Amino acid sequence: MKDRISRFKDLKPLPIQNPSIPEKARDVVYARKLLSVIGLEDNSSPINAGAPITGAAGMTMTLAVCPPGQGPGLHAHRQTYETFTVMKGRFEVRWNDDGSGSAILELYDTVSFPPGVCRAFRNVGNEEGILQVIITGGVHDMTDIDFSENAKKEIEAVRPGLSAEFEKAGFTFSIPFR
């Protein structure tokens, strides 16, 4: 069982957050730091690369570490459920294609988004926050994630043509879904 223990102090940020892409553009798509805790059985998804624990019946768990004011923009998972639990701090979650629904989550509060529902989260506390992210069902890779056309515009405002880097990884920018 010692191979199935994950130590927070030993977790490494996921390599999908390409440091050659400006942080302002990465912040549209990712939490500032993603730490994979539990990965798929074959550890094949970039979302759980290097997870210290693998194989939990198709479930992955990541810790999203966000400084105050940071969190990814509106996105939807086509096939997977995404469940968030606040482990440290306070987070605002938003939903709907336009982000019109919202709630503030406090310590240990949980929300679970089904496939196809747009969602975003942002640390609204004054200190670094940590959100546990559990993904279940469907395909666990970047092709499952779709962002709004507005997200693409935000990325392009950082540097024209930069959204293509995210598209190469499998992301799409077509919300509302067509």
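Tutor: Searching the whole structure turns up nine salt bridges, where a salt bridge is a side-chain nitrogen of Lys or Arg within 4 Å of a carboxyl oxygen of Asp or Glu. Keep in mind that this is a predicted model, so local features need pLDDT of at least 70 and side-chain atom pairs count only at pLDDT 80 or more, while totals for chains, interfaces and linings use all residues. Residues are numbered from 1 along each chain as its sequence is written, and side-chain values use heavy atoms, with hydrogens and water left out.

Let's start with Arg90 and Glu106, whose closest N and O atoms are 3.0 Å apart in a salt bridge. This pair links distant parts of the chain, 16 residues apart: Arg90 is in the loop between β5 (81-88) and β6 (91-95), and Glu106 is in the loop between β7 (101-105) and β8 (110-113). The strand labels, like the helix labels, are DSSP runs numbered from the N terminus (helices are H or I with at least four residues, strands are E with at least two). Arg90 is partly exposed at 34% relative accessibility, and Glu106 is partly exposed too, at 36%. For those labels, buried means under 20% relative accessible area, exposed means over 50%, and partly exposed is in between (1.4 Å probe, protein chains only).

Next up is Glu92 with Arg122, a salt bridge at 2.9 Å from N to O. Glu92 belongs to strand β6 and Arg122 to strand β9 (residues 119-123), so this contact ties together parts that are 30 residues apart in sequence. Glu92 counts as buried, at 16% relative accessibility, whereas Arg122 is partly exposed at 35%.

β6 and β9 run antiparallel and are joined by five bridges; two strands pair if DSSP finds at least two bridges between them. Within that pairing, Arg122 in β9 is the bridge partner of Glu92. β6 also pairs with β7, again in the antiparallel sense over five bridges. There, Glu92 stands opposite Ile104 in β7, and Arg94 stands opposite Ser102. The β6 and β7 hairpin has five residues between the strands, and Asn96 takes a positive phi near 85° in it.

Lys168 is exposed at 65% relative accessibility, and Glu165 is partly exposed at 32%. Then there's a network: Glu23, Asp27 and Arg32 are joined by salt bridges that share partners.

Now for the nonpolar surroundings. On the surface, Met87, Leu107 and Tyr108 form a nonpolar patch with about 310 Å² of accessible area together. Patch residues have over 30% relative accessible area and no salt bridge; like charges are joined within 9 Å, nonpolar side chains (Val, Leu, Ile, Met, Phe, Trp, Tyr) within 5 Å. The areas come from the Shrake-Rupley method with a 1.4 Å probe, and for residues only the protein chains shown count as cover. Met87 lies in strand β5 and is partly exposed, with a relative accessible area of 35%.

Inside, the largest nonpolar core has 32 residues, and Val29, Phe84, Phe121, Ile155, Phe166 and Phe171 have the most contacts within it. A nonpolar core is a set of buried Ala, Val, Leu, Ile, Met, Phe, Trp, Tyr and Cys residues joined through side-chain atoms within 4.5 Å. Among the elements giving two or more residues to this core are α1 (23-29), β5, β6 and β8. Phe171 touches Val29, Tyr30, Met142, Ile145, Phe147 and Phe166, leaving aside residues up to four places away in sequence; contact means heavy atoms within 4.5 Å.

β5 and β10 pair in the antiparallel sense over seven bridges, and Thr83 has Ile134 in β10 as its bridge partner.
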